[in-house]
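Work through the exercises below with the sequence and the 3D view open. Try each task before reading its solution.

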Amino acid sequence: MNASLASTPFIDFDHPAVAAFAHANCGPSNDGRKRAIGLYYAVRDQIRYDAYGIEVSLEKLCASHVLTTARGWCLNKAILLAAACRCLGIPARLGYADVRNHLSTERLRQAMKTDIFYYHGYTAIWLDDKWIKATPAFNVGLCHKFDLLPLEFDGYEDSIYHPYDKHGNRHMEYLKFHGEFDDVPLKQIQAIFKTHYPNMNEFKDADFDEDVEKEAPFGQGTLPEMN
């Protein structure tokens, strides 16, 4: 369990910004579950999801970097949640799964050449003597825009992607779980991305929010402000 509480170059909760974020968003309770819930919603909604910010490197994935941009994708948002939990003495690990995602922008589909997101990241949090999955990826504004059901987290049950959206359309399918790790299996993820996503550098000058505004079939107006 000590390894699930340790600071690492990726899970850098000893960074002042990460520590401040954890203490500012855990709430007044000393109960571990309530604190983890507060951290989950802070990561989910204060860090805007950006599918174009994909870079598998220490510099871009570490928790402290996510806070400098207030934007992230599933891997680094999961890392930030793990770091915040560890900062408060709550054991946390990083989990990975392959998912078929039925929601993406045209630019993303063209670059990826597949609807499978390999090594999608989530956080596993140790509460009441068991590991509970938490997925803080999609902020509530993005869910509103695409009529998705926002993922909630109660500290008792796994919080993983819904298979369908509000209208019964396919949303996410879990294809394979790769397990949970005390730190980022960087070389594994880099190898997978190099094999399956050779064109990911096409996003360098693209704006995910702008593409969402153009393509979102539901919701009105601009993305709501983050809660």
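The exercises that follow cover ring pairs, charges over rings and salt bridges.

This is a predicted model, in which local features need pLDDT of at least 70, side-chain atom pairs count only at pLDDT 80 or more, and totals for chains, interfaces and linings use all residues. Residues are numbered from 1 along each chain as its sequence is written, and side-chain values use heavy atoms, with hydrogens and water left out.

**Exercise 1. Classify the ring pairs Y40 with Y41 and Y174 with F177.**

Step 1. Take the rule. Rings of Phe, Tyr and Trp (its six-membered ring) pair if their centres lie within 6.5 Å; planes under 30 degrees apart are stacked, over 60 edge-to-face, and the rest tilted. The count by this rule is 15 aromatic pairs.

Step 2. Apply it to Y40 and Y41. Their ring centres are 5.0 Å apart and the planes stand at 85°, so this pair is edge-to-face.

Step 3. Turn to Y174 and F177. Here the centres are 5.2 Å apart and the planes are at 5°, so the pair is stacked.

Step 4. Check accessibility. Buried means under 20% relative accessible area, exposed over 50%, and partly exposed in between (1.4 Å probe, protein chains only). Y40 is buried at 0%. Y41 is partly exposed at 26%.

Step 5. Widen the view. Y174 and F177 belong to a cluster linked by ring pairs, with Y49, Y52, Y122, F138, Y161 and F208.

**Exercise 2. Which ring lies under the charged end of R93?**

Step 1. A charge sits over a ring if NZ of Lys or CZ of Arg is within 6 Å of the ring centre and within 35 degrees of the ring normal.

Step 2. R93 sits over the ring of W131, 5.7 Å from its centre. K133 lies over the face of F177, at 5.5 Å from the ring centre.

**Exercise 3. Trace the salt bridges of E152 and D50.**

Step 1. A salt bridge is a side-chain nitrogen of Lys or Arg within 4 Å of a carboxyl oxygen of Asp or Glu. The whole structure holds 13 salt bridges.

Step 2. E152 meets R44 at 3.5 Å, N to O. These two residues are 108 residues apart in the chain. R44 is buried at 5%, while E152 is partly exposed at 46%.

Step 3. D50 pairs with R71, their closest N and O atoms 3.1 Å apart. The bridge ties together parts 21 residues apart in sequence. D50 is buried at 13%.

Step 4. Follow the links. R48, D50, R71 and D209 form a network of salt bridges.

Note on methods. Helix = DSSP H or I, 4+ residues; strand = E, 2+ residues; numbered from the N terminus.
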